[in-house]
Structure formats: C-alpha cells, structure tokens
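Thanks for asking me to look this one over. Here are my notes, point by point, to read beside the model.

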Amino acid sequence: MRKSIVKMLIGIFFIFGLYLLIINNVIAYSDPTIDVDPVEPEQLSTLTITITFDDYDDIQEVFLLYNECTKNDICFTRQNKSMTNLGDGKLELNINLEHDDAAYIQYWVEFKTNEGWQAFPEEPPYPKTYLKEKQTNGGSNGNTNGQNNNDTPGFELIGMMISIISILIFVHLKKR
C-alpha cells in the first residue's frame, strides 16, 4: 500500500511539472513602448507618437485611438488613425491637436495579429500626455490689450441700473 501511495505522489508531481512547463511556453505579446515627442506639447500643436513592439513578427495593422480632453475630464470625439510602419517593430503617427481648451490627450493602441485584434492597454485608465497651455502674445500680463481682464461680466450693469433708478427717484421727488 505504501508503494502505491509513493507511485501516486510521483505521478502527481510529474503531471504538475509538465503543467508548469506548458504554462511557461505559452506565447504572450509584450506590451508596446509608446513615446510622445514633445513630452509636453502645447495646445493646437503637432506631436509625434512612436510605438515600438518587441514581438513584431506577426503584427499586421496598428491603429492609434486618442481623445483630447479638458481639465474637467470631458473628452472630445475619439480619433482613430492608422500608423506608419518604420520597420523593425517601430510605427509612427503625427497628430495635429485641434482644441485650444484641451488639457491632456489620452491614447491607446489596437493592433491585429494572427490571433486577432488586441488592445494596449486593454481597459482604462489609458496613458495620458498633459498639454502646456498655449502662451498668448501681448501685454505684460498676457492679455493682447495689456489690461487686466479678470472682471466678471455684467456687474457694470448693476451700477448703471442703480444710477438710473437714483436719477428717476431724484427727478420724481423734485417734481413734488
């Protein structure tokens, strides 16, 4: 009986060892490397995104999907553009940013292999590149006319209304 337990344990270890060998031989794609140039682009500028795949033997098509988003995390329409293959697993795409109120751009990659379409990353959060606010030319404080324009519009109307009402009351009292 003791020999049968030993044989059964040896069989279990053998099957477990084969299982571990099979798991290590599964082909898995490594994550692509995404580089953005310039690192901190301005709004309404052009940036270049380069993607590098280490395992590029069977990659057939690559698309970059991206959104420009505001500070409040409101994203504009998603763009889907095919990337240019530079060879050796490198792909590149030039993007013209279109929104002057965008604070960042988020992006992800979808690529077709022999096994079908895959995405990187597969789900949010997506990589982000934050944008510098576009600098305006003009006066010392950044406004084109050199004035400090931090007033809330409409408050000058309140002063004007109080003046008109005061004049009407004064005229009415003078007539009596």
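The points below go through the core, the aromatic pairs, the disulfide and some backbone details.

1. A word on the source before anything else: this is a predicted model. Please read each value below as computed from that model.

2. Let me start with the nonpolar core. The largest one has 22 residues, and those touching the most other members are I49, I51, F53, V62, L64, I95 and V109. Strands β1 (33–37), β2 (46–52), β3 (61–69), β6 (90–96) and β7 each give at least two residues to this core. The largest share comes from β7, with four residues. As general background, nonpolar side chains in soluble globular proteins tend to be buried together.

3. Setting aside neighbours within four places in sequence, V62 is in contact with F53, K81, S82, M83, L91, V109, E110 and F111. Two of those partners, F53 and V109, are also on the list of core residues that touch the most other members.

4. Next, the aromatic rings. The structure holds four aromatic pairs, and one of them is Y104 with Y130, a tilted pair with 5.5 Å between centres and 50° between planes. Y104 belongs to strand β7 (residues 104–113) and Y130 to strand β9 (residues 128–130), so this pair ties together parts 26 residues apart in sequence.

5. A second pair is W108 with Y126. Their ring centres are 4.2 Å apart and the planes meet at 20°, so the pair is stacked; the cut-off for stacking is under 30 degrees. W108 sits in β7 and Y126 in the loop between β8 (116–120) and β9, so parts 18 residues apart in sequence are tied together here. Both W108 and Y126 are buried.

6. K128 lies over the face of Y104, 4.6 Å from the ring centre. Y104 therefore has K128 over its face as well as a tilted pairing with Y130.

7. On cysteines, the count is one disulfide. It joins C69 to C75, with an S to S distance of 2.0 Å. The torsion about the S-S bond is about 95°, so the disulfide is right-handed. What is the accessibility of its two ends? C69 is buried at 0% relative accessibility, whereas C75 is partly exposed at 31%.

8. The loop between β8 and β9 deserves a visit for its prolines. F120 and P121 are joined by a cis peptide bond with omega about -15°, and P121 lies in that loop. The bond from P124 to P125 is also cis, with omega near 5°, and P125 is placed in the loop between β8 and β9 too. For context, most peptide bonds are trans.

9. Finally, two residues other than glycine with positive phi. L44, in the loop between β1 and β2, has phi near 60° and is partly exposed, with a relative accessible area of 39%. D73, in the loop between β3 and β4 (79–82), also has phi near 60°, and at 53% relative accessibility D73 counts as exposed. In general, most residues other than glycine have a negative phi.

Terms used:
Residues are numbered from 1 along each chain as its sequence is written. This is a predicted model: local features need pLDDT of at least 70, side-chain atom pairs count only at pLDDT 80 or more; totals for chains, interfaces and linings use all residues. Side-chain values use heavy atoms; hydrogens and water are left out. Rings of Phe, Tyr and Trp (its six-membered ring) pair if their centres lie within 6.5 Å; planes under 30 degrees apart count as stacked, over 60 as edge-to-face and the rest as tilted. Buried means under 20% relative accessible area, exposed over 50%, partly exposed in between (1.4 Å probe, protein chains only). A charge sits over a ring if NZ of Lys or CZ of Arg is within 6 Å of the ring centre and within 35 degrees of the ring normal. A nonpolar core is a set of buried Ala, Val, Leu, Ile, Met, Phe, Trp, Tyr and Cys residues joined through side-chain atoms within 4.5 Å. Contact means heavy atoms within 4.5 Å. A disulfide is a pair of cysteine sulfur atoms within 2.5 Å.
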